Amino acid sequence: MDMTFAEKILAKYAKLKGVTPGQIVTVKPDHLLTHDNTAAIIQKIKPDLEQYGIYSKSLPIIALDHVIPAASEKTAANHKTIRDFVKKYQIENFFDIGNGVCHQLVIEKGLALPGKLILGSDSHTCSYGAIGAFSSGIDRTEAASILLTGETWLKVPKSIKINLNGKLKLGVLAKDVILHIIGDISSSGADYCSVEHHGDLDQFSIDDRFVITNMGVEMGAKNSVFFVDNITKKYLASIGVSSSSYESIYPDENALYIKKLNYNLLEIVPVVSCPHTVDNVKPVSDVAGLEIQQCLIGTCTNGRFSDLKVAAGILKGKKINKNVRLLILPASKDVLENALKAGIIEILVRAGGTLLPPGCGPCLGAHQGVLAPGERCLSTSNRNFKGRMGCNEAEIYLASPATVAASCLYGKITDPREVMK
Amino acid sequence: MKVWKYGDNIDTDMLFPGKYVYTISKSEEIKPHLLEDLDPLFSKNVKEGDIIFAGKNFGCGSSREQPVVGLKAVGIKAVVAESFARIFYRSAINQGFILIECPDAVDAYSEGSEVKIDFENGKISIGNKIFSFPKLPKEILEIRNAGGLLEYTHSKLKNKHKK
């Protein structure tokens, strides 16, 4: 029986010959990702932790990224609890503040590899399909249980095949592609499903694929994946991963999909996701001219070197509009270092940008750029829910780094093609 | 018993704002902020035994368990929706909280309809109409019957170490 990517990998981890959608399997993930929420997670299982210990010290990946540096005594105390836990249990993969957003670190440090299974108590854990892993988000309680036992159950998902054909035009980025898809199939269009990407994928770098898989959860997907190709192999080699350390898994030719979606990339234009749902997607031209007070370029969705480079290309030698604040949020320390070396940070700061430490920044609304009532923010992040950036009377629009950079020049939502000609 | 009715895509920020996520995790502290940005009257007036009806994709967004912990703590008997987002759905299982996926029941409900839920047999009645909803698979019922995932895990570990 031909199988999809999700069926193959879950069969492998369940040690079964084959599995079918809807089947419940028990799996042992290669890694369990947690972040600032680790403090709450270990609090839940204190007596069991003391009695039985953790399943293995190589299982957890812990990154402090959500509210860093600590914004209050309470967050500082949480960070301390986590550092003490890491020491006590000799956790092998711990990233303290300033290293970056957890998802970026998991990929950059080679912790997610093709054919691996990773679960994490963060919804954007689905990002690692960018390099051919199966990864999915779970909650804190489940993370606590896996920390103790090393295993959990998963329901084998149905699969959706997305064909991306043709070539993107200048000024249209991976972010526009995924927002276009979500706008098309809705925020629940891939609920419970595994999403596979097929088609003309040579034009999508690992950074681009990361943008697309990262936002899989915004259409309800369980996981979202690009299959290993030369681009994946080159990337992994560049971070020192040898090809013998991973297994590339591909779907069978006659695997069954519940939906096949075809997109002609040539027809996709720069888009913006409007308040307050990610699927409220419109062409930039429909909302062009709308005044904005804050711009954010960064996060786990668009805080990589290539994103900052696109923005610098637009902002080089220019100044942002005086009515707008531009926040620059590199996804990791490595990204920041590379952008510093390439002169990109200098360009962005000279243009008027404020540099934030690598992490989640204002995306989750706890600090570093909370909005005021009546304000409008144009952001490269992944969610525009009401109240997301800390204020329920503010509006968040989502777009590509090119659209955000072009817009901060004018203080108004602007089509990036106007400045990229 | 009151029914609280909401629409599609009720996200985790509406259920419990992100600004509190890293400072509040205890149920007593969660309660006053539940549905704060969606319906400020909810936390003031919700009573033990109330039910929530909603549209598609309830609980979409973050991995955030304060909404489930809070809804359970204020005594919400069940959330009946057309569909749920998956992390929220798993979270409910882990907390032993009941979600009912039944689009027909949501469709049939109008203000004032009498609602009765028979969990054992997977039936929900709206006025005089009765609808079935799928029962949870055996493996998952075991978690719920144990009182939640941590209780289930605790007894599993205990048994394993006895051997």
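Two residues are taken to be in contact if their C-beta atoms, placed from the backbone, lie within 7 Å. The model is predicted, so local features need pLDDT of at least 70 and side-chain atom pairs count only at pLDDT 80 or more, while totals for chains, interfaces and linings use all residues. Residues are numbered from 1 along each chain as its sequence is written, and chains are lettered from A and ligands numbered from 1 in the order in which they are written.

The domain assignment of chain A gives domain 1 (22-263) and domain 2 (271-418); such bounds come from an automatic or database domain assignment. Between the C-alpha centres of these two domains of chain A the distance is 23 Å. In chain A, 34 residues of domain 1 are in contact with 32 residues of domain 2. On the domain 1 side of this contact, the elements that give two or more residues are α5 (102-108), α7 and α8 of chain A. Here helices (H or I, at least four residues) and strands (E, at least two) are DSSP runs, numbered from the N terminus. Helix α7(A) provides the largest share of that side, 6 residues. By class, the domain 1 side has 13 nonpolar, 15 polar and 6 charged residues. In this division Ala, Val, Leu, Ile, Met, Phe, Trp, Tyr, Cys and Pro count as nonpolar, Asp, Glu, Lys and Arg as charged, and the others, Gly among them, as polar.

Helices α7 (residues 174-185) and α8 (residues 206-214) of chain A also pack on each other: their axes come within 9 Å and cross at roughly 25°. This makes α7(A) roughly parallel to α8(A), a term for angles under 35 degrees, with over 145 counted as roughly antiparallel, 65 to 115 as roughly perpendicular and the rest as oblique. Axes are lines fitted to C-alpha atoms, for helices over the stretch in contact, and angles run from 0 to 180 degrees between N-to-C directions. Ala174(A), Lys175(A), Val177(A) and Ile178(A) of α7(A) meet Asp208(A), Val211(A) and Ile212(A) of α8(A). This contact of α7(A) with α8(A) has 5 nonpolar, no polar and 2 charged residues.

An open sheet of 4 strands in chain A has the order β10-β9-β8-β11, with parallel pairing; two strands pair if DSSP finds at least two bridges between them. Strands β10 (223-226) and β11 (259-264) of chain A stand at the edges with a single partner strand each, so one side of each is left without a neighbour in the sheet. From one strand to the next, the twist averages 20°. Strands β8 (residues 159-165) and β9 (residues 194-199) of chain A pair in the parallel sense over 6 bridges. In this pair, Lys161(A) stands opposite Glu196(A) in β9(A). Helix α8(A) packs on the sheet, touching β9 and β10 of chain A, and its direction makes about 160° with that of β10(A).

Some backbone features of chain A lie in loops. Most residues other than glycine have a negative phi, and most peptide bonds are trans. The peptide bond from Ile68(A) to Pro69(A) is cis, with omega near -20°, and Pro69(A) lies in the loop between β3 (60-63) and α4 (73-88) of chain A. The bond from Pro275(A) to His276(A) is cis as well, with omega near -10°. Gln90(A), although not a glycine, has a positive phi of about 50°.
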